[in-house]
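My notes follow in the order I looked things up.

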Amino acid sequence: IIGAGKASALMAKEIESILGKHITAGHVVVKYGHSCELKHIKVTEAGHPIPDNNSVMAAGKILEIANKASANDIVICLLSGWGSALLADCPDGITLAEIIILNNLLLKTGADIKEINTVRKHLSKVKGGQLAKAVYPATLIGLILSDVVGDSIDVIVSGPTAHDSTIYEDAMTVLTKYNLLHEVPLSMIKYLKKGIEEL
């Protein structure tokens with residue numbers, strides 16, 4: 001059982017009541033103050049709307065569980081609102097301090113959540129369907145909640161288990177639109193440009 005979001009611990013509690021000792025590994029990450037007591041699943045509290053060390057640590061633990069899953073396993077992923085900052089990682093050459101700078105800049109622009117998450121997806125190794133790739137060849141079941149009616153699955157928690165219809169160029173377009181190309185750390189611009197070149 002893996003997951004992220006403000007409701008993921010309570011979702012995990014319900015899963016525990018159904019599956020109990022059949023759960024062989026589990027980790028979810030919630031906002032500070034949104035935890036609950038679980039028997040079989042580890043809970044980490046982390047920062048929102050700005051990620052922190054706990055966000056990165058929890059994402060690492062969740063990816064570790066995903067990567068260990070075999071073809072004989074079923075992985076249930078519990079996702080709910082507020083999860084993008086909670087499930088944060090640092091792709092090659094990018095630091096947590098730079099991820100924090102990016103998030104602060106994006107939140108101040110007035111960009112909508114789809115635009116913000118488009119950038120987040122392409123500066124991550126877990127968002128934008130990449131958690132689902134890590135789970136393969138295990139069977140993946142996603143239980144996803146949103147407090148926004150009609151929210152697209154690939155937007156909630158930046159779509160770690162959903163197909164990503166955006167590309168690296170879309171992330172650059174968002175940064176250009178809000179005049180952030182010269183404000184975000186250079187390592188991120190290089191990372192996005194490399195992604196564009198490799199398509």
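Which unit do strand 1, helix 1 and strand 2 make? I note that the model is predicted. I traced strand 1, helix 1 (residues 8–19) and strand 2, and they make a right-handed β-α-β unit.

**Entry on strands 1 and 2**

I looked up how strand 1 (residues 2–4) is joined to strand 2. The two run parallel, with three bridges between them. I then checked individual positions. Ile2 stands opposite His27 in strand 2, and Ala4 has Val29 of strand 2 as its bridge partner. I also checked how covered strand 2 (residues 27–31) is. Four of its five residues are buried, so I put it down as mostly covered, taking buried as under 20% relative accessible area.

**Entry on the whole sheet**

I moved to the other neighbour of interest, strand 3 (residues 42–46). Strand 2 pairs with strand 3 in the parallel sense, over five bridges. In this pairing I found Val30 opposite Glu45 of strand 3.

In what order do the five strands of the open sheet come? I read the order as 3-2-1-4-5, with parallel pairing. Strand 3 and strand 5 (139–144) are the edge strands, each pairing on one side only. From one strand to the next, I have the twist averaging 20 degrees.

I went back to helix 1 to see what it lies across. I list strand 1, strand 2, strand 3, strand 4 (74–79) and strand 5. Helix 1 runs at about 145 degrees to strand 4.

**Entry on helices 7 and 8**

At what angle do helix 7 and helix 8 pack? I have about 140 degrees for helix 7 (residues 168–177) against helix 8 (residues 186–198), with the axes 8 Å apart. The crossing of helix 7 past helix 8 is left-handed. I wrote down the residues that make the contact. Helix 7 gives Tyr168, Glu169, Ala171, Met172 and Leu175. Helix 8 gives Ile189, Tyr191, Leu192, Lys193, Gly195 and Ile196. I sorted the residues of this contact into eight nonpolar, one polar and two charged.

**Entry on Ser80**

I looked up Ser80 in the loop between strand 4 and helix 3 (83–86). Is Ser80 buried or exposed? Its relative accessible area is 2%, so I count Ser80 as buried. Leaving out residues up to four places away in sequence, I find that Ser80 touches Ala4, Gly5, Lys6, Ala7, Ser8, Met11, Leu145, Ile156 and Val157. I also took the C-alpha separation of Ser80 and Glu45: it is 14 Å, and the two are 35 residues apart along the chain.

**Entry on Val126**

Why does Val126 count as buried? I have its relative accessibility at 0%, and therefore Val126 counts as buried. Which residues does Val126 touch, not counting those up to four places away in sequence? I noted Leu63, Leu87, Asp89, Leu131 and Pro160. Val126 and Ile62 are 64 residues apart along the chain, and I have their C-alpha atoms separated by 9.4 Å.

Methods:
Residues are numbered from 1 along each chain as its sequence is written. This is a predicted model: local features need pLDDT of at least 70, side-chain atom pairs count only at pLDDT 80 or more; totals for chains, interfaces and linings use all residues. Side-chain values use heavy atoms; hydrogens and water are left out. Buried means under 20% relative accessible area, exposed over 50%, partly exposed in between (1.4 Å probe, protein chains only). Two strands pair if DSSP finds at least two bridges between them. A crossover is right-handed if, with the strands pointing away from the viewer, the path from the first strand over the helix to the second runs clockwise. Axes are lines fitted to C-alpha atoms, for helices over the stretch in contact, and angles run from 0 to 180 degrees between N-to-C directions. Contact means heavy atoms within 4.5 Å. A crossing is left-handed if the near helix is turned anticlockwise from the far one by less than a right angle, and right-handed if clockwise. Ala, Val, Leu, Ile, Met, Phe, Trp, Tyr, Cys and Pro count as nonpolar, Asp, Glu, Lys and Arg as charged, and the others, Gly among them, as polar.
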